[in-house]
Structures are given as C-alpha cells and as structure tokens.
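Here is a briefing on a structure, arranged by topic. Have the sequence and the coordinates open while you read.

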Amino acid sequence: MHVVSPIRETLVLSGKTYHDVTEDICKQVEGKPTKEWKIVFGISVLVLLYGTAWVCWTWWEGLGVWGLNKTVGWAWDITNFVWWVGIGHAGTLISAVLLLFRQKWRTSINRAAEAMTIFAVICAASFIVMHMGRPWLAYFALPLPNTFGSLWVNFNSPLVWDVFAISTYFSVSCLFWYIGLIPDLATIRDRATGIRKKVYGALALGWTGGARGWARYEDVSLILAGLSTPLVLSVHTIVSFDFATSVIPGWHTTIFPPYFVAGAIFSGFAMVQNLMLITRVVYKLEDYVTLEHISLMNKIITLTGSVVGIAYITEFFIAAYSGVEYEKYAFINRATGPLWWSYAAMMFCNVVSPQLFWFEKIRRNIVVSFFMAVVVNIGMWFERFVIIVTSLHRDYLPSSWTYFTPRLGDISDYIFSFGFFFTAFLLFAKFLPVINMAEVKSVLKSSSEKYPGKEKKTA
Amino acid sequence: MADNKYLVGVFDDEDEVLHAVGEVRHSGIKIHEVYSPFAIHGLDRALGYSRPRMGIAAFLFGITGTCCALLLTFWTMGIDWPINVGGKNFFPFPTNVPIMFELTVLLASFGMAFTFFIMEGMGPTAKPIIFDERSSDDKFVMAIDLSKNKLSEGEITTILKKSGASEVNVKEA
C-alpha cells in the first residue's frame, strides 16, 4: 500500500498481526484492573480529594488563602493555567498537525495524547474559575442578556477571546478524540457480551466499518485536522494576548504568540513522553511505543526548546534595543533581581538541558528521557512564573515593590490539578483503548517489509 | 426489516479484498458493502463510490459560524450598547477576528461531524447489521445481497472463493 523507505525503522515491532494488535490493546479494557493500576489510582484519588478540599476552602474563604498581594495580583493561578493549556497543545499537535504532515508514527501515541489534551484543558479552566474569586459569577464571561440591562461582555478584551478560544478548543478536542475512538469502540463491542456490549455498542454509535463509512470518516478526520491546526495555534496565541495586549513592561511584546506556541509544544511533548513511558511499561506496549517513538519526540523537544531559547534572547535584545527605560529594567530585573533563581531555573531546564538530546544514545535512553521530560515541565512552569511574577512584583512605584511567596493555598490548589489529571487519565486508560487500533493496523504493513500474517497463510 | 439473504465473503488481507472487489464487480455481481477494521485507501473508488464531500458541510457550517460571530459582536458592541472607550471606534474590526475565527471552527467541526453521523445513520440507538464480528478485528468482509443479484448462490460462492475469500458464509438479515 504505502511505500516506506527501507532505512526507516519499523513502527511496530515483534511482527504483530492485525489480531495481535486487537488482543494487546483490548486486553487492558476487558481485563480486571491490575494491582499497579489500583495502587496508582488510589494515590491519585487521595491527591484529588486533598486538592478538592482545598479548592472548596479557596471558594469559601476567598483568594486570601493564596499568597497574592496588592502588587502581584496574578501568580500561581495564571501560571498554572498557562502551563496546563500549553501541555494540552501536544495532543492536538500530534493528532492533527502530524496527520497533515503524514507522520505515521503518531498512530501509536495520538489517542493518549488527545486524552491528555482534554484533561489538561479541564485543569487549566479550573484555575480560571478559581482565580475569579467568586466562581458563581463565572457566567459573567459569557455574552448573555442580563438583568442589569443588556450590558454585554467587551469583545475587545483578550480575556473574552480566551473564553471563546478555550471553550472552542475543549469542545473540538473532545469531538476529534471521540471520532477517533468510534472504530475502536466498535471493535470492543464486537468482542464483548452482556452489559459491556450494550455500553460500548451505544458508544460506538452503530459503526460497521463499511467502505463508504470509512471514506467519509477519513474525509471528516482530515478536515477536522485541518480545522484543529489553526485552532491550536490560535488558542495559545490568544492566551499570550492576555499579556501582550497589556501595557506592562515585560508583557507588552509582539514575540509572545509564536514564543508561547513553541513553549506549548515543548511542554506538551514532554508530558506525553512522561505518560507514554509509564503506560508502555505498565501495559506492556513496548512493541507499539518503541525507542524510535521516544527518540522522535525527543527531537521535537530539542527543536522547540531551542526555539524557546531564541525567543528568550530575542526578548532581551528587543528590550535593550527599544531604548525604553522601564522595558530594559523589567528584563534586567528578571535575570538579576530577587527572583533571579526562577529565571536561572527556566534557562537551565528549557534551553540548556534539552541540548543533551543531540546525542543519539541519550535520545534513546528511557530513564534519561523520562527525567528530562520532568525537567522540561519544571522549566516551562518557571517560564510562566517568570513572565507573570517578575513583570509584576516591581511596578512603576518603588514604594509598592514586593516579593511573592506562595502559601499553602497556592500549592494545594496546584496539587488538585495533578490529582484530577492523573485520576482522569487512569480512568481513560482503564475503560478506553490507549492506542488507536484501527490506525495502528493501517500502518502495520508499511512498517514491516512483509505483513507476517500473510506469510503464515502461504506457508 | 425484510429478510434478505446475504453471502458473506471473508478475506484475510486488505490487498486481497481490494483485488477481489475488482474481480467480483467485473463478473457482474453487485456488492452490498465491504467491511474492514481500518480504512483501505482506494477501496471506495474500486467499489465505484463517488468521492466523499464532507468539506461542503464543513464550509457551510463554518460560514454560518463566521456570520453569527460577526452579527453577535457587531450588534452588541456597535448597536445595542456601544461603549465609549477614549473616543475609539465602537466596532473595531480586527479585535473581533478572534471571536469570528473560533465560532467558525466550532460550527464547522460540529456541523460536519453531525452531518457525518446523520449520513451514516449513526447514533447511540443505531442497530447496525454486523455480517461478521471479526470485521472489526482482522478480517475483511464482502457482503453480497442475493436478492439483488441474478447469479445463483453457488455461482457467486465459486467466484468469491476464486478471488481469494478464505471462507464464504450465509447470513440472513
């Protein structure tokens, strides 16, 4: 079918047949949860409960439980929001952009990455609702006619654009993910009996896999990918507008949209790397998520890390070149002021450490890759912290200069998002196929020189 | 539902079924549908189907989204409650582009997806005919409606076997 260069590594190892793929992936959904799953799930739920208690307390007590002060009005909340949205971007990047670029290796990781996108966006949105302080008034952000006369939201505000961008992104990501799931849900339905057959049958929406259906399905997927690609770029662009359209030195920069998008891909791929490295071991999927996949993701991490690095340097240059005193000071303060350590952490984690991946041995080392993905995500969290807090803590009036110290409320609400993220991901990994079976089957032949099932038959 | 009798040819490989479709159609047999666990490129053309045109649905819904967004922002900001911000334009076009873009994508995606579901007759309560449950696993299944073909059951079975079917079953649905 597809012609693939012989120098390319095979995408699926161990000469799997179509039936092997079905068995390997469905096993997790059909079997009882393993002991490892139960332990990890138990811990995640405990973390979620602790976090939920704190979120409730935050809502009850107000934002005083955070370390915010008069000068620093945005800190961990918006840092976490941007960080989670950024992580979410990798799912769409892997499934939509790599689909358009015909990168067949995406088939093993796109399902899990898309699920990660959805959960990450929910985590991000939770911080937006939390930081409102009075979350029961969240509907004020929607253009609704209201009892105070028809006073509308201000469509010139990037915060309103954000509401539209995040909610559209969330809905379209769910749709894309679900459409991708339909053929696999049908596979599970056809293997199941009893109540499971009914549930998965309803979820599969009566998919039969007929040729006409597949042709339309492929058309829908391609167009959805085409729509999702500018969408994902627009989302982080609009998130960066929250800062870029303000007149705060350090925020008011035109480089923000591309720089934020590169950072989003960077941190998102790192999170996918973390999740897949764990999943492949726990679910024994080493033949599907191979060292080649890990190496390819590390290459993207190095590329986007370097793009982000260039953006950091450009920002400094432009600040110096602008001749604006306040702009210059904002950047000097960022690197050498009281929060210099966060700047140093960001530079080291994001720009210096991924350069190790220029060596193939390191790129293909699982332990180093896992560790590095954690480092990258720490670095990207610090990037947002640096942008937000160091631009705010020394404003135009030196008498209000201050420092930011997080309180237990900041930390616990952040922990809440991890609890939710892992609980949701584990539920997904138990009840839905973590690898797109239909798509993996379609690359089985192009990936190996000869499909082994055929040989067996002729032999 | 009319009780039709179908002949179900089961193939083990997508290249074989793609080849067989040509042979079977060449011998004048009408194929009901071919079912496969994954998309086979070129199968729809081999079966003589026209190109899918989901893009038209996406475009129409997308345009609707753009217009709705333009109407919403223009009416609220420019007509219903104009706000004077430092004497600036009540309805600056560029600041409304993000909303227009997002609503275009939202309506295009969902409109196209639901058009697809309706065209395929899909839904949580749909009761599809599954000719062979292995067609979502590792088999490629060709269903032939006997009532719509002149050739006898035996003749079609022979042709299916000759073109590479590993088994031929009968299914009434």
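Helix 2 (residues 35-61) of chain A and helix 14 (residues 408-431) of chain A pack at an angle of about 140°. An angle over 145 degrees would count as roughly antiparallel. Helix 2 of chain A and helix 14 of chain A are therefore oblique to each other. The model is a predicted one.

**Helix 2 against helix 14, chain A**

- The axes of helix 2 of chain A and helix 14 of chain A lie 7 Å apart.
- The crossing of helix 2 of chain A and helix 14 of chain A is left-handed.
- By class, this contact of helix 2 of chain A with helix 14 of chain A has 15 nonpolar, eight polar and two charged residues.

**Helix 8 against helix 9, chain A**

- The axes of helix 8 of chain A and helix 9 of chain A come within 8 Å.
- Helix 8 of chain A and helix 9 of chain A cross at roughly 150°, and are therefore roughly antiparallel to each other.
- The crossing of helix 8 of chain A and helix 9 of chain A is left-handed.
- On the side of helix 8 of chain A, the contact is made by Tyr259(A), Ala262(A), Gly263(A), Ile265(A), Phe266(A), Phe269(A), Ala270(A), Val272(A) and Gln273(A).
- Helix 9 of chain A contributes Ile294(A), Met297(A), Ile300(A), Ile301(A), Thr304(A), Gly305(A), Val307(A), Val308(A) and Ala311(A).
- The residues of the contact of helix 8 of chain A with helix 9 of chain A divide into 14 nonpolar, four polar and no charged.

- Helix 8 (residues 256-282) of chain A has 27 residues.
- From its first C-alpha to its last, helix 8 of chain A reaches 39 Å, close to the 39 Å expected at 1.5 Å a residue.
- Helix 8 of chain A is mostly covered, with 20 of its 27 residues buried.
- Helix 1 (residues 18-30) of chain A has 13 residues, which should span 18 Å at 1.5 Å a residue.
- The end C-alpha atoms of helix 1 of chain A are 18 Å apart, which agrees.
- Buried residues in helix 1 of chain A include Tyr18(A), Val21(A), Thr22(A), Asp24(A), Ile25(A), Gln28(A) and Val29(A).

- Lys284(A) follows helix 8 of chain A and is found in the loop between helix 8 and helix 9 (291-322) of chain A.
- Lys284(A) is not a glycine, yet has a positive phi of about 55°.
- Is Lys284(A) buried or exposed? Lys284(A) counts as exposed, because it has 12 C-beta neighbours inside 10 Å.
- Leu205(A) is placed in the loop between helix 6 (194-203) and helix 7 (211-244) of chain A.
- Phi of Leu205(A) is also positive, near 55°, in a residue other than glycine.
- Leu205(A) has 20 C-beta neighbours inside 10 Å, so it counts as buried.

**Where chain B touches chain A**

- The contact takes 56 residues from chain B and 53 residues from chain A.
- Strand 2 (33-35), helix 2 (43-46), helix 3 (54-80) and helix 4 (97-119) of chain B each give two or more residues to the side of chain B that touches chain A.
- Which element of chain B gives the most to the side that touches chain A? Helix 4 of chain B does, with 14 residues.
- By class, the side of chain B that touches chain A has 33 nonpolar, 12 polar and 11 charged residues.

**Helix 7 of chain A against helix 4 of chain B**

- The axes of helix 7 of chain A and helix 4 of chain B come within 10 Å and cross at roughly 160°.
- That makes helix 7 of chain A roughly antiparallel to helix 4 of chain B.
- The crossing of helix 7 of chain A and helix 4 of chain B is left-handed.
- Residues of helix 7 of chain A in this contact include Arg216(A), Val220(A), Ile223(A) and Leu224(A).
- Among the residues they meet in helix 4 of chain B are Pro98(B), Phe101(B), Val105(B) and Met119(B).
- The residues of the contact of helix 7 of chain A with helix 4 of chain B divide into 14 nonpolar, two polar and one charged.

**Met77(B)**

- Met77(B) is found in helix 3 of chain B.
- Met77(B) is buried, because 23 other C-beta atoms lie within 10 Å.
- Leaving aside its neighbours within four places in sequence, Met77(B) is in contact with Phe155(A), Pro82(B), Phe90(B) and Phe91(B).
- Met77(B) and Phe91(B) are 14 residues apart along the chain, and their C-alpha atoms are separated by 6.1 Å.

Note on methods:
Residues are numbered from 1 along each chain as its sequence is written. Chains are lettered from A and ligands numbered from 1 in the order in which they are written. This is a predicted model: local features need pLDDT of at least 70, side-chain atom pairs count only at pLDDT 80 or more; totals for chains, interfaces and linings use all residues. Helices (H or I, at least four residues) and strands (E, at least two) are DSSP runs, numbered from the N terminus. The expected span of a helix is 1.5 Å times one less than its number of residues. Two residues are in contact if their C-beta atoms, placed from the backbone, lie within 7 Å. Ala, Val, Leu, Ile, Met, Phe, Trp, Tyr, Cys and Pro count as nonpolar, Asp, Glu, Lys and Arg as charged, and the others, Gly among them, as polar. Axes are lines fitted to C-alpha atoms, for helices over the stretch in contact, and angles run from 0 to 180 degrees between N-to-C directions. Angles under 35 degrees count as roughly parallel, over 145 as roughly antiparallel, 65 to 115 as roughly perpendicular and the rest as oblique. A crossing is left-handed if the near helix is turned anticlockwise from the far one by less than a right angle, and right-handed if clockwise.
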